[in-house]
Amino acid sequence: MSQPTSNPPAGKPSGDAIQAVQDALATEHAAVWTYGLVSAFLKEQSDQTSAGANSHRARRDATERVLRDTNTEPVPPAPAYLPPAPVTDAASSIAALVAVEMDGCTAWRGVLERTDDVDLRRSALDALSSCAVRATRWRKTGGLTPTSLAMPGTASG
């Protein structure tokens, strides 16, 4: 007779990977909130802010499903988030968006480093790449240099 195990079903993240996914979910919550905050200052980029917000909402929802599929309660959003600097105009809004996208790169890289699950790795890589592309677009929009970073999600990128 086989002994019951506490291992999750095949193809599901566990342990460190679950915490990494929770951390990534928290960055998705922050990104959705931040896009809402800055939209008041970026009227000329409303299509770009809407697309970014929608992308983060979709990623948030998918990430919550992954966690629920492992019988893990997804971390809820905070009532509000503190941007790295006050958001008072278009330039500070763009800086906040670059920061939140780079936070996303770091969080999703953390998922990549903590799982061998092929589907989760694919999803995390897609999320990291999407955040890096949006960060580059916002840096370009804001006239920031360098426009892109060689290794998004790492301490040097």
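**Exercise 1: T27**

The backbone oxygen of A24 and a polar atom of the T27 side chain are 2.6 Å apart, where a polar contact is a pair of N or O atoms within 3.5 Å, one of which, within protein, must be able to donate a hydrogen and the other to accept it, with residues adjacent in sequence counting only if both atoms are side-chain atoms. The model is predicted, so that local features need pLDDT of at least 70 and side-chain atom pairs count only at pLDDT 80 or more, while totals for chains, interfaces and linings use all residues. Residues are numbered from 1 along each chain as its sequence is written, and side-chain values use heavy atoms, with hydrogens and water left out.

Task: determine in which helix T27 lies, whether T27 counts as buried or exposed, and which residues beyond its sequence neighbours T27 is in contact with.

Solution. Begin with the location: T27 belongs to helix α1, helices (H or I, at least four residues) and strands (E, at least two) being DSSP runs numbered from the N terminus. Next, T27 counts as buried because its relative accessibility is 15%; buried means under 20% relative accessible area, exposed over 50%, and partly exposed in between, with a 1.4 Å probe and protein chains only. Finally, with neighbours within four places in sequence left aside, T27 is in contact with D103, G104 and A107, contact meaning heavy atoms within 4.5 Å.

**Exercise 2: α1 against α2**

Task: describe how α1 and α2 pack, giving angle and axis distance, and state the handedness of the crossing.

Solution. Helix α1 (residues 16–38) packs with α2 at an angle of about 150 degrees, and their axes are 9 Å apart; axes are lines fitted to C-alpha atoms, for helices over the stretch in contact, and angles run from 0 to 180 degrees between N-to-C directions. That angle makes α1 roughly antiparallel to α2, since angles under 35 degrees count as roughly parallel, over 145 as roughly antiparallel, 65 to 115 as roughly perpendicular and the rest as oblique. The crossing of α1 and α2 is left-handed, which applies if the near helix is turned anticlockwise from the far one by less than a right angle, right-handed being clockwise. By class, the residues of this contact of α1 with α2 are eight nonpolar, seven polar and five charged, where Ala, Val, Leu, Ile, Met, Phe, Trp, Tyr, Cys and Pro count as nonpolar, Asp, Glu, Lys and Arg as charged, and the others, Gly among them, as polar.

**Exercise 3: E73**

Task: state where E73 lies and whether E73 is buried or exposed.

Solution. E73 lies in the loop between α2 and α3, and at 63% relative accessibility E73 counts as exposed. The C-alpha atoms of E73 and Q22 are separated by 9.2 Å, although the two are 51 residues apart along the chain.
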